[in-house]
Amino acid sequence: MSAALDVVDLHKSFATGRPAVDGVSFTVPAGEIVVLLGPSGCGKTTTLRCVAGLEHPTAGSISIGDRVVSAPGQGILVAPRHREIGMVFQSYAVWPHMTVRQNVVYPLKQRRTTRADADRKVAETLELVGLSEYADRSVVQLSGGQMQRVALARSLVYRPQLLLLDEPLSNLDAKLRLRLRDDLRRILKQTGMTALYVTHDQAEAVVLADRIGVMRDGKLLQMAPPADVYNRPADLFVANFTGASNLIEGRVAGRDGEFGVVEVKGGARVQAWLARSIAVGETVCVAVRPENVAIGTSNGSNAFTARIVGRRYQGTQTAYDIDLFGVRLEALELGTAARHEVGAEAPVSLSRDACWAYRDDKTATQE
Amino acid sequence: MTLLLCVLTFLVIYPMAMLLLGALTNTNPVVHGFGVLDLSLDNFVAVLANENVHAALFNSLIACTGGTALAVVIGLTFSWIVVRTNTPWKGFIAAVSMIPLFVPPLVAAVAWSILGSPKTGLINTIFRWAGLDWRIDLYSMSGLIVVFGMYYAPYVYMFTASALRNMDPSLEEASEIAGASAFRTLFTVTFPLIAPAIISGMLLSFVVMLGIYGIPAVLGAPANISVLTTYIFKLTAWNPPLYNTAAAVAIILMVVTAGLVVLQQRVLSGRSYATVAGKAFRPRSLDLGAWRWLTLGLAFVYLFVVVVLPTLALIVAAFRKFLFIRDAASLFDMKQYSMVHFDSVFDNPLTVRSIINTMEVGIVTALLGGVLAFAIGYTINRTRVAGRGSIDVLSTLPVAIPGLVIGVAYLWAWIGLPGGLYGTIWILALAFVARFMPDTVKALSTSFLQIHKELEEAAWICGKSLLGTIRTIVLPLASPGVIAAMTLLFVLAIRELGSSLFLYTSDTMVMAVLLLDYYEGGNTGKTAAFSLVQTVLLAVLIGIANWLSRDSAGSVGRTG
């Protein structure tokens with residue numbers, strides 16, 4: 001039922017501007033949830049719409065299961081309705097002139113399902129998304145979250161081979177978003193659906209994904225399980241986009257396997273993980289997540305003393321601006337107590353596993 | 001404020017009351033004055049029992065229903081082509097779809113009578129010459145329906161095109177993903193979603209067709225098909241004129257129209273499915289492949305049928321000495337062409353007088369109507385005075401009154417008053433001001449809404465009086481809108497036929513009425529020549545209006 005998705009060297013150019021999708025390849029094995037993550041305009045939605053057949057790729061190929069559905073090189077282009085896929089839209093796209101039941105049964109009507117069978121499937125699916133009591137309501141009476149559940153039911157009811165979700169939660173308010181996000185993963189896993197999910201929200205991506213693909217300017221930068229994307233970002237952009245906002249510039253003074261020593265302007269030396277292609281003597285940028293700046297501890301190889309220059313109490317955590325060998329960094333301290341005063345000196349340690357040195361690429365951090 | 005209410009009462013309520021009074025009595029105001037009043041429902045009873053009225057009502061309903069059905073097909077097709085497909089030259093098609101709005105109905109009808117009359121029609125001549133056995137006869141109910149449908153399709157187009165444009169394309173995409181074909185999507189998702197717009201456009205075009213006089217007068221009369229509008233006029237043209245009966249029939253027409261307008265407003269204000277999310281959408285266009293040349297072709301056919309063919313017919317008829325065309329060679333024989341019809345049109349002193357009269361009426365209407373609409377628009381949108389609600393209602397009331405009915409009402413209101421307005425161009429101008437008030441006020445209200453209230457409040461704080469603020473702040477900022485509304489009013493006034501019919505005298509003859517006179521006089525050449533004169537005049541004026549409003553759009557952009 002669920003099938004694998006295979007995208008090979010996908011290109012899509014519109015009439016003007018640079019290509020929207022520029023050589024993207026990835027595979028989603030059957031039953032897996034892959035999230036495409038990136039800032040707006042990175043090509044993630046275009047990629048999804050190419051898979052849906054709503055956009056026509058310029059080059060490359062897309063296969064669902066064993067069937068090639070888009071391959072402009074060979075003149076293959078299967079219409080969306082023949083792809084056996086489901087899709088959930090950002091704007092819900094539930095049909096306001098129909099009831100919940102009419103919306104959900106619509107795809108079954110195109111498939112010659114018997115009446116009894118259709119009724120059973122609709123009931124099952126509504127149960128799955130938690131809308132059993134709402135079957136005969138008009139959809140315009142529902143809240144945004146409920147409408148999106150209708151849209152989900154409508155795209156699951158015929159058990160498509162592949163489910164596409166285009167920023168399904170971004171029109172919802174924050175609280176609802178969290179609930180539906182967790183429900184979504186449970187439902188997808190329960191049905192064993194292969195899913196391709198597009199979002200610009202990294203928190204959503206981390207919770208939902210089996211693997212995350214980070215995109216930028218039409219290119220797929222990294223495709224890996226969430227923990228890998230968070231702990232070993234492939235490049236400076238991925239590091240920055242997923243929250244490593246502290247940057248320390250320096251020069252590689254030595255390398256030993258995966259790790260090395262970066263010498264910072266004032267002469268301080270920082271132990272860091274080095275991206276593969278970096279050689280001794282190169283100028284690099286070390287990215288550090290604010291959560292990984294351990295303030296008040298002095299263990300490990302990268303132990304320094306910093307001065308606190310700013311403090312923002314945020315309730316469950318405190319954000320500090322610290323001055324570490326002339327570089328302004330942000331540090332987060334968990335807990336409801338703020339233990340360091342502005343103007344005071346404090347020991348700071350950076351685990352070498354959490355310091356990632358990349359070739360200095362200015363453009364990466366502009367977004 | 002009180003002044004405004006008085007003016008509106010004078011313009012709208014008084015004539016309508018007189019119309020109702022006329023319908024309820026048997027007194028002829030010209031002969032008897034208003035001394036004897038004998039109120040009864042006899043006229044209505046007589047009218048409702050009259051078979052001629054039944055026939056006229058029935059014909060009206062058939063013609064308008066058929067015309068509306070055709071208008072929906074044409075309007076919906078073009079709005080879909082323009083908004084939802086990748087047909088080339090969509091801007092051109094969008095313009096073509098709106099063009100019929102600018103064609104005066106009477107001129108269109110005259111042109112089509114030249115093309116499609118059963119014996120001498122140009123189309124039939126060409127068929128005969130080509131040896132084809134086809135004949136068309138537009139002097140018939142189907143002719144009426146076809147011409148109605150072609151020229152009133154823009155009303156449906158306007159509503160459906162904007163509804164389609166505002167519709168979230170993912171609603172259709174969801175249907176395609178769910179497995180529905182493009183065709184099925186169109187009928188189960190797209191059209192049901194824009195149903196309010198379709199119905200609204202339908203009702204509007206129905207109402208307009210119901211109130212139109214020129215087309216049924218030209219195409220229906222030869223075949224003895226009378227509709228409500230032509231029947232009302234016939235009643236007043238008899239000797240002695242049956243003004244009371246005419247008033248009763250006019251009230252029936254008004255009631256039907258008002259009912260439909262109320263229905264249309266209700267549909268419009270009902271929940272609009274199409275704009276649920278209220279954000280801008282990326283337009284979705286269906287790839288038609290080779291079919292897109294067919295859709296482009298359709299637009300050309302429409303342009304040809306609605307504009308090119310009638311214009312050619314008018315040109316041929318106007319410049320040929322005799323309309324009889326033996327064969328195709330004779331069609332291009334330059335010796336057959338001359339200015340003789342133009343000479344005879346302009347030899348008639350009435351022609352020049354009608355042009356001058358029309359311009360005068362147009363200018364007076366534009367000025368009076370513009371000032372009044374400004375006052376009304378300001379009162380409704382910008383003040384909180386008590387009674388502005390009733391001003392709003394009064395000024396939109398004429399929407400539900402066909403032009404012809406306004407004409408009859410004004411006739412009733414003024415014919416009996418000696419030394420009054422009847423027989424001057426002022427009665428025409430006042431009737432036009434009343435008739436087009438809703439359009440003018442609406443056009444102006446949008447420009448009021450664009451001026452932020454705080455701009456005015458700032459002037460008050462600076463110490464300006466209310467009138468001073470209007471003069472120094474509101475008027476300069478709203479002036480582009482005021483100019484646009486006045487030009488619109490001017491153009492509408494100079495092509496108006498329905499209400500003029502009852503209000504003109506030989507001294508105050510206007511172009512539209514004179515054209516009808518020429519047509520009924522039976523001289524096709526003169527009719528065509530005068531139609532061309534009118535068309536060219538209108539085209540020039542509309543061009544100027546467009547140019548003016550483009551200019552004003554620019555300055556609105558600067559101030560906003």
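## Two domains, two chains

Chain B is divided into domain 1 (1-36 + 339-560) and domain 2 (51-274 + 296-333); these bounds come from an automatic or database domain assignment. This is a predicted model, in which local features need pLDDT of at least 70 and side-chain atom pairs count only at pLDDT 80 or more, while totals for chains, interfaces and linings use all residues. Residues are numbered from 1 along each chain as its sequence is written, and chains are lettered from A and ligands numbered from 1 in the order in which they are written.

The centres of its domain 1 and domain 2, taken over C-alpha atoms, are separated by 25 Å. Between them, 38 residues of domain 1 of chain B are in contact with 36 residues of domain 2 of chain B; two residues are in contact if their C-beta atoms, placed from the backbone, lie within 7 Å. On the domain 1 side, the largest share, 11 residues, comes from helix 26 of chain B. Helices (H or I, at least four residues) and strands (E, at least two) are DSSP runs, numbered from the N terminus.

Chain B also touches chain A: 18 residues of chain B are in contact with 19 residues of chain A. Two elements give two or more residues each to this side of chain B, namely helix 9 (169-177) and helix 10 (182-193) of chain B. Helix 9 of chain B gives the most, with 6 residues.

Here is the make-up of both sides by class. Ala, Val, Leu, Ile, Met, Phe, Trp, Tyr, Cys and Pro count as nonpolar, Asp, Glu, Lys and Arg as charged, and the others, Gly among them, as polar.

| Domain 1 of chain B, touching domain 2 of chain B | 24 residues | 13 residues | 1 residue |

Now zoom in on one residue. B:Ser531 lies in helix 26 (residues 524-559) of chain B. B:Ser531 is buried, because 29 other C-beta atoms lie within 10 Å; the label buried needs 20 or more such atoms, exposed means 12 or fewer, and partly exposed is in between, with C-beta atoms placed from the backbone. Not counting residues up to four places away in sequence, B:Ser531 touches B:Val107, B:Val110, B:Ala111, B:Leu314 and B:Leu515. B:Ser531 and B:Ala111 are 420 residues apart in sequence, yet 8.4 Å apart in space, C-alpha to C-alpha.

Finally, chain A has 8 helices and 21 strands. Of its 367 residues, 44% are buried.
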